[in-house]
Amino acid sequence: MLLLQLDIFEKGYGWNFFEEVKAFNKKCVDIAKRKKFDVVHCHDWMTINAGIEIKKTMAKPLVFTVHSTEYDRTARIYPMDFIVDIERRGIQEADMIITVSEGMKKQLIDRYNADEKKNNEELLLDLSAPA
């Protein structure tokens with residue numbers, strides 16, 4: 001398990017939110033380089049840049065769980081393009097994507113051009129339905 005010392009970041013986000021996200025991702029990469037693990041698992045846009053960097057530098061598989069997209073969080077009114085781009089890159093780079101619903105799975109396929117299949121395995125999983 002990778003545990004982070006979070007007190008290195010400011011208390012609260014305020015106007016520095018996006019800089020804090022960048023700092024968090026950098027810290028995750030720095031810590032991961034000193035640890036042993038088998039897989040990288042990221043959630044949503046705020047962590048995926050670290051996941052991609054770790055995947056590339058340490059040759060680890062990347063799992064990306066998507067709870068919501070920038071389109072959802074902005075009610076499709078003025079989504080921030082740079083966040084959409086981060087999400088798209090994460091979807092393209094991930095070895096496996098976990099979605100929280102069938103609707104999210106469809107959105108990732110339709111809006112982000114996510115592949116339903118990758119390496120002959122199911123790429124997009126819907127964990128909302130009972131097994």
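What percentage of the 131 residues in the protein do buried residues make up? Buried residues account for 36% of them, where buried means under 20% relative accessible area, exposed means over 50%, and partly exposed lies in between (1.4 Å probe, protein chains only).

1. Basis of the note. This is a predicted model, in which local features need pLDDT of at least 70 and side-chain atom pairs count only at pLDDT 80 or more, while totals for chains, interfaces and linings use all residues. Residues are numbered from 1 along each chain as its sequence is written, and side-chain values use heavy atoms, with hydrogens and water left out.

2. Confidence. The mean pLDDT (the predictor's confidence in each residue, from 0 to 100) is 84 for the protein, and 78% of its residues reach 70 or more. Helix 2 has the highest confidence, with a mean of 97, and strand 5 (residues 121–122) the lowest, with a mean of 45. Where pLDDT is low, the predicted coordinates should not be read in detail.

3. Overall layout. The protein has five helices and six strands; these are DSSP runs numbered from the N terminus, helices being H or I of at least four residues and strands E of at least two. Their order from the N terminus is α-β-α-β-α-α-β-α-β-β-β. Of the contacts with a separation of 6 or more, 55% are between residues 24 or more positions apart, contact meaning heavy atoms within 4.5 Å. The accessible surface comes to about 8,500 Å², and carbon and sulfur atoms hold 55% of that surface; accessible areas come from the Shrake-Rupley method with a 1.4 Å probe, and for residues only the protein chains shown count as cover.

4. Leucine 62. This residue lies in strand 2 (residues 62–66). Leucine 62 is buried, with a relative accessible area of 0%. Its contacts, leaving aside neighbours within four places in sequence, include Val40, Cys42, Ile48, Ile52, Glu93 and Met96.

5. Nine salt bridges are found in a search of the whole structure, a salt bridge being a side-chain nitrogen of Lys or Arg within 4 Å of a carboxyl oxygen of Asp or Glu. Lysine 22 pairs with glutamate 19, with 3.7 Å between the closest N and O atoms. Both lie in helix 1 (residues 17–32), three residues apart, about one turn of the helix. Lysine 22 is exposed at 56% relative accessible area, and glutamate 19 is partly exposed at 48%. Lysine 26 pairs with aspartate 30 at 3.1 Å between the closest N and O atoms; these two also lie in helix 1, four residues apart, again about one turn. Lysine 26 is exposed at 53%, while aspartate 30 is partly exposed at 28%.

6. The pair between helices 3 and 4. Glutamate 87 and arginine 73 meet in a salt bridge at 2.6 Å, N to O. The pair links distant parts of the chain, with glutamate 87 in helix 4 and arginine 73 in helix 3, 14 residues apart. Glutamate 87 is buried at 4% relative accessible area, whereas arginine 73 is partly exposed at 37%. Glu70 joins Arg73 and Glu87 in one network of salt bridges that share partners.

7. Aspartate 44. This residue sits in the loop between strand 1 (40–43) and helix 2 (45–58). Aspartate 44 is buried but has no salt bridge, and the nearest side chain of opposite charge is arginine 73, 4.9 Å away; Lys and Arg count as positive and Asp and Glu as negative, with His and the chain ends not counted. Beyond its neighbours within four places in sequence, aspartate 44 is in contact with Phe64, Thr65, Val66, His67 and Ser68.

8. Methionine 46 lies in helix 2 and is partly exposed at 36% relative accessibility. Leaving aside neighbours within four places in sequence, methionine 46 is in contact with Phe17, Val21 and Asn25; its C-alpha atom is 7.8 Å from that of asparagine 25, 21 residues apart along the chain. Methionine 80 lies in the loop between helix 3 (70–73) and helix 4 (81–93) and is partly exposed, with a relative accessible area of 36%. Together with Phe18 and Phe82, Met80 forms a nonpolar surface patch of about 250 Å² accessible area. Patches are made of residues with over 30% relative accessible area and no salt bridge, like charges being joined within 9 Å and nonpolar side chains (Val, Leu, Ile, Met, Phe, Trp, Tyr) within 5 Å.
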